[in-house]
Amino acid sequence: RLDGQEEFLEDKDWYVFNANYGTSQEKDFVKMFASQISDLRKKFKQIYLFRNEKQLKIYNFSNGQAFEPDYLLFLVDKIGESITYQLFLEPKGKYLAEGEKWKNQFLEEIREKFKDKILEFSKSKKYKITGVPFYQSENENEFKGKLFETIGIKSKN
């Protein structure tokens with residue numbers, strides 16, 4: 001029996017790996033994300049969702065505490081200056097969210113601190129770094145609204 005969503009992910013060109021052995025919240029997140037792909041493809045020419053398996057740490061601005069966001073999302077604009085969005089995403093069950101509230105606050109802080117900033121490394125390399133508050137299957141619509149707002153898509157919710 002497969003338990004890493006292999007059959008679900010086998011034809012998903014936007015998911016970087018062949019499987020997702022994450023928590024039930026992470027699997028729900030990937031299914032929710034899949035349901036949004038057609039809307040994302042209208043604005044972005046490249047879409048890559050990457051499960052962070054301890055490859056990347058980010059550090060809290062206030063005290064330097066390390067955080068390994070569960071997912072990174074890379075989106076490249078179709079129109080305009082070809083900006084690459086880099087989003088930090090964290091599915092988190094309600095039972096864990098309270099104890100890790102600082103991570104949610106940090107994601108919001110990243111979003112606020114960099115909301116009007118584009119990092120430019122050359123004429124062709126422009127990045128927008130941001131975060132989105134915790135994904136929880138119980139508040140999926142709220143999360144989708146925040147995600148779409150963050151990346152400049154009008155939400156249907």
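Predicted model: local features only at pLDDT ≥ 70, side-chain atom pairs only at ≥ 80, totals over all residues.
## A buried aspartate and its partner

Who does Asp39 pair up with? Its salt-bridge partner is Lys42, and the closest N and O atoms of the two lie 3.3 Å apart. Both sit in helix α3 (residues 37-43), and because they are 3 residues apart there, about one helical turn separates them. Is Lys42 buried or exposed? Lys42 counts as exposed, with 60% relative accessibility.

## A link across the chain

Next along is Lys43, whose side chain meets that of Asp77 in a salt bridge (3.7 Å, N to O). This pair ties together distant parts of the chain: Lys43 belongs to helix α3, while Asp77 is in strand β4 (residues 71-77), 34 residues apart. Lys43 is partly exposed at 24% relative accessible area, whereas Asp77 counts as buried at 9% relative accessibility.

Lys103 itself is buried, at 14% relative accessible area.

Searching the whole structure turns up 13 salt bridges.

## Another buried lysine

Now hop over to Lys126, in strand β7 (residues 125-131). Lys126 counts as buried, with 9% relative accessibility. What does Lys126 touch, leaving aside its neighbours within four places in sequence? Its contacts are Glu81, Ser82, Ile83 and Thr84, plus Ile118, Leu119 and Glu120.

## Zooming out

Time for the whole chain. It has 6 helices and 7 strands, and from the N terminus on they run α-α-α-β-β-β-β-β-α-α-β-β-α. The radius of gyration is 15 Å, close to the 15 Å that the globule rule gives for 157 residues, so the chain is as compact as a globular protein of that length. Along its principal axes, the C-alpha trace spans about 50 × 40 × 35 Å.

How much of the chain is buried? Of the 157 residues, 48% count as buried. Take the contacts between residues at least 6 apart in sequence: 55% of them join residues at least 24 apart.

Methods. Residues numbered from 1 in each chain as written. Heavy atoms only, no water. Helix = DSSP H or I, 4+ residues; strand = E, 2+ residues; numbered from the N terminus. Rg over C-alpha atoms; globule rule 2.2 N^0.38 Å. Buried < 20%, exposed > 50% of the residue type's maximum accessible area, 1.4 Å probe, protein only. Contact = heavy atoms within 4.5 Å. Salt bridge = Lys/Arg side-chain N within 4 Å of Asp/Glu carboxyl O.
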